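Subject: Structure handover

Dear colleague,

Here is the structure I said I would pass on. My notes on it follow below.

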Amino acid sequence: MNAAARPLATIWVGLGHAGCRTLASLRRQLPDMPDLAVVHTRAEVLAETGIERAVQLPTGPAGGTGGDPTVGERAAADATGELRALLEGYSVVVLLVGLGGGTGSGAAPAVARLAREAGAFVLALATLPFLFEGPRRYQVARRSLATLQESADAVILVPNQRLSEWVPDGTPLQTAFQMTDHFVGTALRSLWHLLTSAAFLPIDLSDLRRMASDHTATLAMASVETAGHLRIESALDELSASPLLDHGAVLLSSPAVLAAVSGGADLTLREVNGLASGLRARIRPDASLTLGAMVDETLADGRIAVTLLAAEPTEMPERPTALSTPARATVTDAPSSGRRARQAKLVFDSTHPDRFAGVAPTVRDGVNVDVPTYLRRNIRLSSPVRG
Ligand SMILES: Nc1nc2c(ncn2[C@@H]2O[C@H](COP(=O)(O)OP(=O)(O)OP(=O)(O)O)[C@@H](O)[C@H]2O)c(=O)[nH]1
Ligand SMILES: [Mg+2]
């Protein structure tokens with residue numbers, strides 16, 4: 001790939017076992033992707049991905065890291081030359097990593113640093129371990145995340161524990177991780193699509209950078225797909241109910257929210273406005289809201305996809321808790337000292353309580369089908385792994 005041939009030369013790099021697995025599953029889903037590469041200490045894992053560009057980090061004759069991130073970090077330092085060569089010429093580097101092990105947790109901050117030094121925008125998409133993986137992995141992840149936040153421009157954080165609501169009891173471990181792979185893959189793909197396609201309300205990387213600009217916040221991410229007459233309302237309700245946004249709590253406390261909607265040619269400006277005002281009603285009054293919208297002809301049958309990012313302060317408690325995330329502010333809490341949301345590119349009018357006053361009810365076959373929100377919230381769509 002000739003980096004100069006396209007405006008935003010991009011490479012997605014999977015680090016460690018989890019990063020390699022996620023990237024390999026993404027690759028199977030879509031042939032048309034940015035450049036891909038995998039980095040790991042174990043050659044057999046690299047080979048399994050089928051991804052050509054691979055860097056094996058050297059760890060000595062025994063191989064592997066024994067779960068020690070200092071070993072992963074040293075291995076990345078020893079491969080600095082190879083890593084620099086891999087990253088050369090890219091203006092955007094997306095890192096995928098599962099934090100908690102030795103390789104990815106040790107190497108991700110180092111790779112992010114090298115990419116930044118080479119002038120790239122670095123977006124890291126990191127997962128935190130499930131609670132059942134135990135305190136050791138949690139501590140490794142916690143420390144690595146702090147360093148990664150310093151090294152990357154923005155970190156999208158997916159705490160696996162938030163996905164566990166969708167994992168039925170007795171689910172084998174590998175199946176649980178496949179759900180993570182699937183969620184991360186789907187959400188990243190749709191986010192990427194929105195960042196790189198011609199949109200009628202474009203969003204760009206600087207929006208992400210701004211949202212995570214002080215290195216103390218990570219971005220929570222959720223992604224839903226809905227259809228039908230009430231598809232915007234359904235999307236809003238699903239987002240509010242999503243465990244990935246802590247059932248709406250992340251929305252209530254976030255200083256900066258970005259939502260991007262795509263739909264077929266039937267997506268209307270009125271719907272985009274409906275999404276904006278619906279979100280306004282669900283987020284902090286002083287939060288910035290950035291909205292992106294695009295037409296995606298591959299979304300058939302009246303489907304829309306909404307991907308949402310919300311800045312969230314990273315205050316990981318010292319020990320893992322059932323919540324695995326800090327206690328949330330409510331909408332009545334004052335914004336935290338000095339950290340005001342910055343003005344987003346697009347700021348929509350706040351919602352007024354009487355905004356539906358002049359709107360006629362929707363009647364189908366003589367029946368008013370404007371279903372109240374509290375009823376609609378019980379509607380779950382079929383896919384179990386969407387945020
Ligand atoms: N998405 C996904 N996550 C995984 C998978 N396997 C493990 N994880 C998660 O990723 C974290 C890190 O594990 P690995 O990726 O195996 O660790 P590593 O970076 O390869 O490091 P070492 O194997 O310890 O050298 C774990 O704590 C899990 O939370 C997987 O197949 N898919
Ligand atoms: Mg591993």
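Of the chain's 387 residues, 49% count as buried; buried here is 20 or more other C-beta atoms within 10 Å of a residue's own, exposed is 12 or fewer, and partly exposed is in between, with C-beta atoms placed from the backbone. This is a predicted model, in which local features need pLDDT of at least 70 and side-chain atom pairs count only at pLDDT 80 or more, while totals for chains, interfaces and linings use all residues. Residues are numbered from 1 along each chain as its sequence is written, and chains are lettered from A and ligands numbered from 1 in the order in which they are written.

The secondary structure comprises 13 helices and twelve strands (DSSP runs numbered from the N terminus: H or I of at least four residues for helices, E of at least two for strands). Among contacts with a separation of 6 or more, 78% join residues 24 or more positions apart; a contact means that two C-beta atoms, placed from the backbone, lie within 7 Å.

Ligand site

Ligand 1 is surrounded by 25 residues, the closest being Gly16, Gly98, Gly100, Gly101 and Gly104 (a residue is near a molecule if its C-beta atom, placed from the backbone, lies within 6 Å of it). Helices H1 (16-29), H5 (103-117) and H8 (173-196) are the elements that give two or more residues to this shell. H1 supplies the largest share, five residues. By class, the shell has four nonpolar, 17 polar and four charged residues; Ala, Val, Leu, Ile, Met, Phe, Trp, Tyr, Cys and Pro count as nonpolar, Asp, Glu, Lys and Arg as charged, and the others, Gly among them, as polar.

In helix H4 (residues 80-87), the buried residues are Leu83, Leu86 and Leu87. They lie on the same side of H4, because they cover an arc of only 90° around the axis (the arc of the directions from the helix axis to the C-beta atoms). Exposed Gly81 and Ala85 sit on the face of H4 turned away from its buried side. The cover over the buried residues of H4 includes strands S2 (35-40), S3 (54-56) and S4 (92-98), along with helix H3 (69-78) and H5. After H4 comes glycine 89, with a positive phi near 90°.

Alanine 76 belongs to helix H3 and is buried, with 26 other C-beta atoms within 10 Å. Leaving out residues up to four places away in sequence, alanine 76 touches Leu57, Leu83, Gly106, Ala107, Ala110 and Val111.

Nonpolar core

The largest nonpolar core has 113 residues, and those with the most contacts inside it are Val93, Leu95, Val111, Ala124, Leu219 and Val257 (such a core is a set of buried Ala, Val, Leu, Ile, Met, Phe, Trp, Tyr and Cys residues joined through C-beta atoms within 7 Å). H8 gives the largest share of this core, eight residues. Domain 1 (3-196) and domain 2 (215-376) both contribute residues, so the core lies between them; the domain bounds come from an automatic or database domain assignment.

Two residues with positive phi

Aspartate 246 is in the loop between helix H10 (231-241) and helix H11 (249-253). Its phi is positive, about 50°, although aspartate 246 is not a glycine. Histidine 247, in the loop between H10 and H11, likewise has a positive phi, about 55°, without being a glycine. Aspartate 246 is buried, with 21 other C-beta atoms within 10 Å, whereas histidine 247 counts as partly exposed, with 15 C-beta neighbours inside 10 Å.

Regards
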